[in-house]
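Visitor: I am new to this one. Please pick a single part, look at it closely, and then lead me on from there.

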Amino acid sequence: MRKGRAKKRPILPDPKFGDKVVSRFVNGLMYDGKKSVAYKIFYDALDIVGKKNEEEPAIDVWRKALENVMPSVEVKARRVGGATFQIPTEVPQHKRTTVGMRWMISYARKRNEKSMAEKLAGEILQAFKSEGSSVKKKEDTHKMAEANKAFAHFRA
């Protein structure tokens with residue numbers, strides 16, 4: 001590495017809620033630089049969530065869903081001698097959010113509903129109830145870290 005790390009670019013808060021986390025989520029959702037399309041998908045998904053869950057505001061449901069998906073530990077492969085060990089490590093807060101968003105979006109894309117807004121809404125509602133594919137992914141990651149706790153002393 002010659003030049004050092006790239007500077008973090010500032011993210012502008014989204015127009016509707018004024019939230020930077022929403023902007024980051026939409027940026028992850030975006031294809032081919034079509035941000036307005038990504039915003040439309042996200043807001044439509046929140047509308048669907050709002051219709052299906054009327055006790056809480058949709059944005060709070062989304063935040064709780066994201067919270068339920070974010071992993072606190074992960075495993076990293078590390079070679080020690082000739083063997084490769086899966087070493088459990090804590091996930092820093094920024095990366096937790098990023099990984100949680102990535103999982104939520106990727107599993108939403110794999111769902112079978114008609115539009116992307118419906119797929120995303122379905123994934124948000126399931127994650128809110130602590131079920132669904134993205135939450136299962138988090139649990140599997142945690143189980144993997146738990147199973148490899150014996151190798152934690154190899155941490156760099």
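Guide: Start at asparagine 148. Leaving aside residues up to four places away in sequence, asparagine 148 touches Val75, Gln86 and Pro88. Touching here means contact, that is, heavy atoms within 4.5 Å.

A word on the model before we go on. It is a predicted one, where local features need pLDDT of at least 70 and side-chain atom pairs count only at pLDDT 80 or more, while totals for chains, interfaces and linings use all residues. Residues are numbered from 1 along each chain as its sequence is written, and side-chain values use heavy atoms, with hydrogens and water left out.

Back to our residue. Asparagine 148 sits in the segment after H6. Is asparagine 148 buried or exposed? Its relative accessibility is 13%, so asparagine 148 counts as buried. The cut-offs are these: buried is under 20% relative accessible area, exposed is over 50%, and partly exposed is in between, with a 1.4 Å probe and protein chains only. Now look across to aspartate 60. Along the chain, asparagine 148 and aspartate 60 are 88 residues apart, and their C-alpha atoms are separated by 34 Å.

Step back into H6 itself. Helix H6 covers residues 133–147 and holds glutamate 139. Glutamate 139 has 41% relative accessibility, so it counts as partly exposed.

Serine 130 is not a glycine, yet its phi is positive, about 60 degrees. With 41% relative accessibility, serine 130 counts as partly exposed.

Aspartate 32 lies between helix H1 (20–29) and H2. Aspartate 32 also has a positive phi, about 55 degrees, although it is not a glycine. Aspartate 32 counts as exposed, at 74% relative accessibility.

Move on into H2. Valine 37 is in this helix. Valine 37 counts as partly exposed because its relative accessibility is 43%. From valine 37 to valine 26 is eleven residues in sequence and 9.4 Å in space, C-alpha to C-alpha.

Now see how helices meet. Two packed helices are described by the angle between their axes and the distance between the axes. Axes are lines fitted to C-alpha atoms, for helices over the stretch in contact, and angles run from 0 to 180 degrees between N-to-C directions.

Take H2 and H3. Helix H2 (residues 35–52) and helix H3 (residues 58–69) have axes that come within 8 Å and cross at roughly 100 degrees. H2 is therefore roughly perpendicular to H3. The angle classes are under 35 degrees for roughly parallel, over 145 for roughly antiparallel, 65 to 115 for roughly perpendicular, and oblique for the rest. On the H2 side, Phe42, Leu46, Val49 and Gly50 meet Ala58, Ile59, Val61 and Trp62 of H3.

H3 also meets H4. The axes of H3 and helix H4 (residues 93–109) come within 8 Å, crossing at roughly 105 degrees. So H3 is roughly perpendicular to H4. Here Trp62, Ala65, Leu66 and Val69 in H3 meet Thr97, Gly100, Met101, Trp103 and Met104 in H4.

Last, the whole protein. It has six helices and two strands. These are DSSP runs numbered from the N terminus: helices are H or I of at least four residues, strands are E of at least two. Along the sequence the pattern reads α-α-α-β-β-α-α-α. The C-alpha atoms fill a box of roughly 55 × 40 × 25 Å along the principal axes. Of the 156 residues, 38% are buried. Among contacts with a separation of 6 or more, 61% join residues 24 or more positions apart.
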